[in-house]
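Dear colleague,

Please find the structure for your review below. My notes on its strands, helices and pockets follow it.

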Amino acid sequence: MARNIEIKAAVVDAQALRTRVAELADDGPWLIEQHDIFFHCANGRLKLRRFGNGEGELIFYRRPDASGPKACEYERNAVADPDAMRRLLEMANGLRGEVIKIRTLFMAGRTRIHLDHVAGLGDYMELEVVLGADEPIGTGHDEAEQLMRELGIDDSALVEGAYIDLIETQGASAQPAS
């Protein structure tokens, strides 16, 4: 499975953060419309991602629900017919919920920086430091913490879990972790 180190943080001033990210990034921005459909899954999280252009991909991932930098294992596969795949997965596993977001993607070295506006929740950012096959987790963890410092992301803004978790709790947990 592919691996990365991730953080998620609530954003108070999206425009100010976008300016800081643009100054730091090597590439981007790319605007991406995403509609993530989550299904019940006993061994992690399973989602079908639909893009604004009608394409889709199936993503399975496992990561701890912790507020700081954390390791994530994932697999992604392109889906030719997202509507058919949704029906199949909903029949087999049951629908958990849906997340609709507008994502602005930047690249800083090997790190994906996502600035997300999530319907019903507000503005967030994610860092994903992509790890090599045999690379120690600590290396990516250190890079994520360095980028957090450079972007002015305080530990108090970090959020646990996934957007679907926040939506399920009606936004009650959509605030930074304490």
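L115 stands opposite M125 in strand 8, where strands are DSSP runs of E with at least two residues and helices are runs of H or I with at least four, both numbered from the N terminus. This is a predicted model, in which local features need pLDDT of at least 70 and side-chain atom pairs count only at pLDDT 80 or more, while totals for chains, interfaces and linings use all residues. Residues are numbered from 1 along each chain as its sequence is written, and side-chain values use heavy atoms, with hydrogens and water left out.

Strand 7 (residues 111-118) and strand 8 (residues 122-130) pair in the antiparallel sense over eight bridges; two strands count as paired if DSSP finds at least two bridges between them. Three residues separate these strands in their hairpin, where G120 takes a positive phi near 85°. Strand 7 also pairs with strand 6 (residues 95-108), again antiparallel and over eight bridges, and K101 stands opposite V118. Strand 7 is largely enclosed by the rest of the structure, because seven of its eight residues are buried (under 20% relative accessible area, with exposed over 50% and partly exposed in between, for a 1.4 Å probe and protein chains only).

Strand 4 (residues 56-62) is mostly covered, with five of its seven residues buried. Six bridges join strand 4 to strand 3 (residues 45-51) in an antiparallel arrangement, and R49 has E57 as its bridge partner. Strand 4 pairs with strand 5 (residues 70-79) in the antiparallel sense over seven bridges; there, I59 is partnered by R76.

**Pockets**

The largest pocket holds about 450 Å³ of space. A pocket is an open set of points on a 1 Å grid over the protein atoms alone, where a 1.4 Å probe fits, with protein on both sides within 12 Å along at least five of seven lines; lining residues have an atom within 4 Å of a point. Grid points are joined across faces, edges and corners, and a volume is the space filled by probe spheres set on the points. Of the 28 residues lining the largest pocket, K47, R49, R103, H114 and E128 lie nearest its centre.

The second largest pocket has about 160 Å³ of space. Its lining includes L115 and D116, and helix 1 (14-24) supplies the largest share, four residues.

Yours sincerely
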